[in-house]
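Here are my notes on the packing in this one, jotted down as numbered points. Have the model open while you read.

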Amino acid sequence: MKRRTFIAMLGGAAAAWPLAARAQQAALPTIGFIRANTPEKSVASVAAFRQGLSETGYVEKQNITIEYRWAAQGHYDQLPALAADLVRRKVSVIAATTAQAALAAKAATASIPIVFETGGDPIQLGLVASLNRPGGNITGVTQLSSELLSKRLGLLHDLLPAAAAIGFLVNPTYPGAESQARDLQDAARTLGLQMHVLNAGTEAEINTAFANFAKLRVGVGAGPYAERAEQFVTLAARHALPTFYQYREYVAAGGLISYGASITDAYRQAGVYTGRILKGEKPGDLPICSRPSSSWSST
């Protein structure tokens, strides 16, 4: 073989290698991961999701790819466009975490499988018609955090038996906020308590709510707030208010007491379900996982 011909063949082969690598990567199943928060505040949740995937044999950049889409907290109006973009890219599965992201994904597609993670009741939110037989293209994991509101309220009352009133923060951007407030009022009446419910979605609104609770000198509880641990713990300490949380991450950040399902376990379960769907199981045949491990924590 002539030297010039050999060099030409070698150059052609070298040029083909990166093309082959790109083609192989493009052939990998793609998961669309959409969350109503920033990547900086989602590190632990994403790690738990990847752990669940690994339990079914999937590892990012080895045999799957993940397209991440983020909507900063309070900018939930961005979620429909983000979900629509994942649908246009024809991802294999959409992992929609937080109730707002799950509702956006459901509105965007009736064919691409969806795995949600939410703290609320998925039937009440309108995600599925049944926990045991979700049907259609959607399944997922719920912490049923809203169902534990009355339990948390009772524990806060045990902590402050002399208190005649309790303060509670409700996130108005959460789809189940209205029913959550009604449930709280019912639980408070059962305990003979006066309930001060304040809506607070933004950082400024939460600051104002804690200042108002400080004037009332009440114990404080809170509904679903994603990744607000540092702000809540700082405000509770500044105003010397006993505050009850739904996630142990708040206690790890210095909070007083928490009671609720493990959010990291919920994300791990979502990863497991995503992997099972990639292996061929139908989302509508997978019952909603409503029992991630619970945790009770105190400082």
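**Notes on helix packing, core and aromatics**

1. Helix 2 and helix 10 sit oblique to each other. Keep in mind that this is a predicted model. The angle between the two helices is about 40 degrees, and their axes are 6 Å apart. As for handedness, helix 2 passes helix 10 in a right-handed crossing.

2. Which residues make that helix-helix contact? From helix 2 the list is Ser-45, Ala-48, Phe-49, Gln-51, Gly-52, Leu-53 and Glu-55. They meet Thr-264, Tyr-267, Arg-268, Ala-270, Gly-271, Val-272, Thr-274 and Gly-275 of helix 10.

3. Now the largest nonpolar core, which has 43 residues. The members that touch the most others are Ile-31, Phe-49, Leu-169, Ile-206, Phe-210, Tyr-225 and Phe-232. Among the elements that each supply at least two residues are strand 1 (30-35), helix 2 (43-55), strand 6 (165-170), helix 7 (203-216) and helix 8. Helix 10 gives the most, with seven residues. There is also a second, separate core of 25 residues, which includes Ala-83, Ala-102, Ile-138 and Ile-288.

4. Leaving aside residues up to four places away in sequence, Phe-232 touches Leu-169, Ile-206, Phe-210, Ala-222, Tyr-225, Tyr-245 and Tyr-250.

5. On to the aromatics: the model has eight aromatic pairs. In one of them, Tyr-68 and Trp-70 have ring centres 5.8 Å apart and planes at 5 degrees, so this pair is stacked. Both partners are partly exposed, Tyr-68 at 22% relative accessible area and Trp-70 at 23%. Another pair, Phe-232 with Tyr-250, is edge-to-face, at 6.0 Å centre to centre and 85 degrees between the planes. Phe-232 lies in helix 8 (residues 229-238) and Tyr-250 in helix 9 (residues 248-252), so the pair ties together parts 18 residues apart in sequence. Tyr-250 is buried too, with a relative accessible area of 6%.

How values were computed
Residues numbered from 1 in each chain as written. Predicted model: local features only at pLDDT ≥ 70, side-chain atom pairs only at ≥ 80, totals over all residues. Heavy atoms only, no water. Phe/Tyr/Trp six-rings, centres within 6.5 Å; stacked < 30°, edge-to-face > 60°. Buried < 20%, exposed > 50% of the residue type's maximum accessible area, 1.4 Å probe, protein only. Helix = DSSP H or I, 4+ residues; strand = E, 2+ residues; numbered from the N terminus. Core = buried A, V, L, I, M, F, W, Y, C linked by side-chain atoms within 4.5 Å. Contact = heavy atoms within 4.5 Å. Axes fitted to C-alpha atoms, helices over the stretch in contact; angles between N-to-C directions. Parallel < 35°, antiparallel > 145°, perpendicular 65-115°, else oblique. Left-handed = near helix turned anticlockwise from the far one by under 90°.
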